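Hi there,

Here is the structure I promised to pass on.

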Amino acid sequence: MAINFIVVCTVSIILNLFLAAMQAQVVALDVVAKFGAKADLNTDLSKPLLDAWKEACGSTTPTTILIPEGTYLLSQATLEGPCKAPIELQLEGNVKAPADPKAFKEPKWVSFLHIENFKLFGGGAFDGQGTTSYKREGCEKHDFCSNLPINVRFDFLTNAMVQGITLRDSKQFHANVLGCKNITFEHVTVSAPKDSPNTDGIHIGRSDGVKIIDTDIKTGDDCISIGDGAKNLDITGVTCGPGHGISIGSLGKFANEEPVEGIKVSKCTLTDTSNGVRIKTWAGEFPGTASDMHFEDITVKNVSCPVLIDQKYCPWNKCKMDAESNVKLSNISFKNIHGTAALPEVVKLVCSGIFPCENVELADIDITFSGPDGPAKSECKNVKPKVTGKQNPVACSTPVPANPTPTV
């Protein structure tokens with residue numbers, strides 16, 4: 001018995017020492033306690049945060065930077081790698097941007113750049129304080145206000161996780177993902193008024209292996225927008241609304257756009273949005289391709305246009321509506337999409353007359369419309385979809401009008 005007791009005690013001591021050693025390997029840097037940050041909404045968080053980042057990024061030991069609870073003012077920060085070891089930013093506080101758009105010399109606020117093995121997590125928020133910008137001349141009509149700052153940019157990250165944080169009231173996009181590989185957004189919250197222009201929740205471009213999981217987005221533009229060069233995206237469990245829906249595109253606006261391929265959107269719920277799941281390409285403009293795009297198990301609640309391919313996309317009347325899109329779409333499926341629509345155009349597949357959509361499938365569509373302008377419609381042009389399962393309304397039963405209603 002004595003020998004067994006000694007063995008148990010020895011194993012326990014070794015285990016505790018091992019766990020302590022593992023904990024000691026992760027260094028924690030508190031921007032308040034060590035770097036003098038103040039949660040007073042007057043002192044700029046920029047220098048303490050950048051100083052903490054410099055120390056953490058240069059360390060050969062995995063490091064966590066902590067922004068503790070409190071409300072902070074941050075003028076601007078670019079947190080850049082490459083770093084020598086994995087690095088984390090634990091955001092527990094509420095970090096606010098300057099409210100005046102004139103305070104920004106570049107269209108960005110917080111940027112993470114060229115980092116590998118990075119995690120941003122916590123219960124805190126990046127608050128863009130964009131209310132003033134929404135009233136700016138030219139932006140109130142959802143024009144393209146590209147010179148306004150994006151809340152958070154994720155540029156050229158590899159193996160990254162964004163978890164639990166809130167992105168609020170950005171002046172432009174809330175999160176912009178560019179050139180990333182294997183980045184996951186999980187339990188993220190995006191919040192902005194329904195009339196806030198160009199405030200996409202998460203925009204993804206030229207990235208491979210992006211996952212968006214169990215995320216809640218309320219905004220004035222696309223909840224999620226997928227630009228050129230996006231590959232192998234998995235979007236699941238997202239709640240969207242208000243907003244413009246979950247969109248692939250717009251594509252074809254610029255020359256030399258990269259192909260889009262391998263997009264899966266599943267188990268999402270859209271409520272009171274102007275679109276549901278859609279693919280949008282500009283009328284006329286430049287060539288491109290998008291393929292292997294699949295929307296499955298989608299619930300829509302009072303959505304204006306739940307299922308949409310729009311190859312006549314032309315916001316703000318800045319293109320020729322009589323021109324055909326030069327973007328070729330193929331291998332597309334809409335499966336098990338159900339709920340209610342706010343307008344009679346429940347399914348609307350408007351494809352290019354130059355490059356008709358290829359290999360499109362409609363399976364188990366059951367969307368009702370009960371308004372005075374009924375009945376519900378399923379409109380198709382330049383596409384002959386494969387139809388399986390229940391179809392309510394009957395697939396492609398209504399011709400597309402000569403002048404279809406523009407979408408936003």
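To start with a question: which side chain makes a polar contact with the side chain of Thr199? The partner is Ser196, and the two side chains meet at 2.9 Å. Please keep in mind that this is a predicted model.

Thr199 sits in the loop between strand S15 (189-191) and strand S16 (202-205). Thr199 is buried, because its relative accessible area is 0%, under the 20% cut-off. The Thr199 side chain also reaches the backbone nitrogen of Gly220, at 3.3 Å. Beyond its neighbours within four places in sequence, Thr199 is in contact with several residues, including Tyr134, Phe173, His174 and Asp221.

Now for the sheet. Here 12 strands form an open sheet with parallel pairing, in the order S4-S7-S10-S13-S16-S19-S22-S25-S27-S29-S31-S33. Strands S4 (77-80) and S33 (398-399) stand at its edges with a single partner strand each, so one side of each has no neighbour in the sheet. Within the sheet, S29 (residues 345-350) pairs with S31 (residues 377-381) in the parallel sense over 5 bridges. Val347, for instance, has Ser378 in S31 as its bridge partner.

Leaving aside neighbours within four places in sequence, the contacts of Ile298 include Val265, Leu270, Val277 and Ile337.

Best wishes

Terms used
Residues numbered from 1 in each chain as written. Predicted model: local features only at pLDDT ≥ 70, side-chain atom pairs only at ≥ 80, totals over all residues. Heavy atoms only, no water. Contact = heavy atoms within 4.5 Å. Pairing = 2+ DSSP bridges. Helix = DSSP H or I, 4+ residues; strand = E, 2+ residues; numbered from the N terminus. Buried < 20%, exposed > 50% of the residue type's maximum accessible area, 1.4 Å probe, protein only. Polar contact = N/O pair within 3.5 Å; in protein donor to acceptor, adjacent residues only side chain to side chain.
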